[in-house]
Every structure is written in structure tokens, then in C-alpha cells.
Amino acid sequence: MDTRKPDIFDRLMHLPVLNIFEPFYKKHKEMLLYLFFGGLTFVISVITYAFFNVSLGMNELVANIFSWILAVLFAFFTNRIWVFDGKTNGAKEFFVQMINFFGGRVATLVVEEVILFVFITKLGFGSMVVKIAAQVIVIVLNYVISKLWVFRK
């Protein structure tokens, strides 16, 4: 039996009309919340990348690193709190969890940087199109890393 206190998303599912989706939500909560927060992380990543790369004219690889920092900070806290319920006991466990999260994200940053380098720098594809395509690949890899390594129960 789940003894956790209902979060804001659990309470939303009790609202009229939304309550018809509650059984589906309860069964697929983690995936639905990952899609929601992953989508928001995607938006943060793409918008900040566009700002750094398109608006400021920053090199695509450097712009991607800056957008990655902002997106990963957002993702860590939302994934930890709502998606994977990554409670820890004390500062040491918290920092181990954070280091594992950022370590996994560094691995997918390398994948994304290689994709950007090959398709934008070497092959001349459009910066935003490649960034968006790379983000789709990264989101899937990040879920697997978070589920199997960082927030495993």
C-alpha cells in the first residue's frame, strides 16, 4: 500500500472531470509525470539554446552547454520531487543522488554534443532542427538512466 502523502498531481486527479482519468494516472504516474516534466525540460533546453545560439550568435556547442546547465538544474529537482520520488536520508545521500543525476546527464550531453557537431558543424544542417531532434534522443536516454541508476528503488 502506498503511504506517501498525495502530491499536487494526485490532488488534481480528484477534481471533477479529471477523476475519470485517475485509474490510468495511478497506473502510469511515473511515466506521465516524466513526459510532463521532460516536456518542460525540453522547452527550457530549446528556448535557452535558441537564445544563446540564434539571438546571441554563440557557437552551437557552447550554447548547448549553457542551455544544458539550466535544463538539468530544472530536471534534477522536478525528477527528484515529483517523477521518481527520490527522497534521501541526509546531505550525503542527497549529494550522491545529485552527482549520479548530473553524471548521467553529462553522458547524454556528450551524445548531444556529438550529434550537434556532426550534423550542424560538419554537415551544415539547421541548428534548431538538429537541436530538437537531439533532444528527443536525449530525453529517452535520460529516462532510462534516471530510472535504472539515479532514482532506483
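Biologist: Which side chain does the side chain of E113 make a polar contact with?

Modeller: The partner is the side chain of N64, at 2.8 Å, where a polar contact is a pair of N or O atoms within 3.5 Å, one of which, within protein, must be able to donate a hydrogen and the other to accept it, while residues adjacent in sequence count only if both atoms are side-chain atoms. Please keep in mind that this is a predicted model, in which local features need pLDDT of at least 70 and side-chain atom pairs count only at pLDDT 80 or more, whereas totals for chains, interfaces and linings use all residues. Residues are numbered from 1 along each chain as its sequence is written, and side-chain values use heavy atoms, with hydrogens and water left out.

Biologist: Where does E113 sit, and is E113 buried or exposed?

Modeller: E113 belongs to helix α4, helices being DSSP runs of H or I with at least four residues and strands runs of E with at least two, numbered from the N terminus. E113 is buried and yet has no salt bridge; buried means under 20% relative accessible area, exposed over 50%, and partly exposed in between, with a 1.4 Å probe and protein chains only. A salt bridge requires a side-chain nitrogen of Lys or Arg within 4 Å of a carboxyl oxygen of Asp or Glu.

Biologist: What is the nearest side chain of opposite charge to E113, then?

Modeller: That is K131, at 7.2 Å, with Lys and Arg counted as positive and Asp and Glu as negative, and with His and the chain ends not counted.

Biologist: Which residue forms a salt bridge with K131?

Modeller: E112 does, its closest N and O atoms with K131 being 2.8 Å apart. Because E112 lies in helix α4 and K131 in helix α5 (residues 127–150), the pair ties together parts that are 19 residues apart in sequence. E112 counts as buried at 2% relative accessibility, and K131 is buried with a relative accessible area of 0%.

Biologist: How many salt bridges does the count come to?

Modeller: The count comes to four. One of them joins the side chains of D7 and K29 at 2.9 Å, N to O; this pair links distant parts of the chain, with D7 in the segment before α1 (8–12) and K29 in helix α2 (residues 22–55), 22 residues apart. Both D7 and K29 are buried, and D7, D10 and K29 are linked in a network of salt bridges.

Biologist: What about E22 and K26, how far apart are they in helix α2?

Modeller: E22 and K26 are four residues apart in helix α2, so about one helical turn separates them, and their side chains meet in a salt bridge at 3.7 Å, N to O. E22 is buried, with a relative accessible area of 13%, whereas K26 is exposed at 60%.

Biologist: Changing topic: which residues make the nonpolar surface patch?

Modeller: V106, V110, V114, F117, V118, F119, L123 and F125 make a patch of about 670 Å². Patches are made of residues with over 30% relative accessible area and no salt bridge, like charges being joined within 9 Å and nonpolar side chains (Val, Leu, Ile, Met, Phe, Trp, Tyr) within 5 Å; the areas come from the Shrake-Rupley method with a 1.4 Å probe, and for residues only the protein chains shown count as cover. One of the patch residues is F119, which lies in helix α4 (residues 90–122) and counts as partly exposed at 35% relative accessibility.

Biologist: What span should α4 have, and what follows α4?

Modeller: At 1.5 Å a residue, the 33 residues of α4 should span 48 Å, and the end C-alpha atoms are 46 Å apart, which agrees; the expected span is 1.5 Å times one less than the number of residues. After α4 comes G124, whose phi is positive, near 75°.

Biologist: Which residue other than glycine has a positive phi near 75°?

Modeller: V17 has that value; V17 lies in the loop between α1 and α2 and is exposed, with a relative accessible area of 62%. Most residues other than glycine have a negative phi.

Biologist: And how many helices and strands are there overall?

Modeller: There are five helices and zero strands, and the C-alpha trace spans about 55 × 40 × 25 Å along its principal axes. Of the 153 residues, 39% count as buried.
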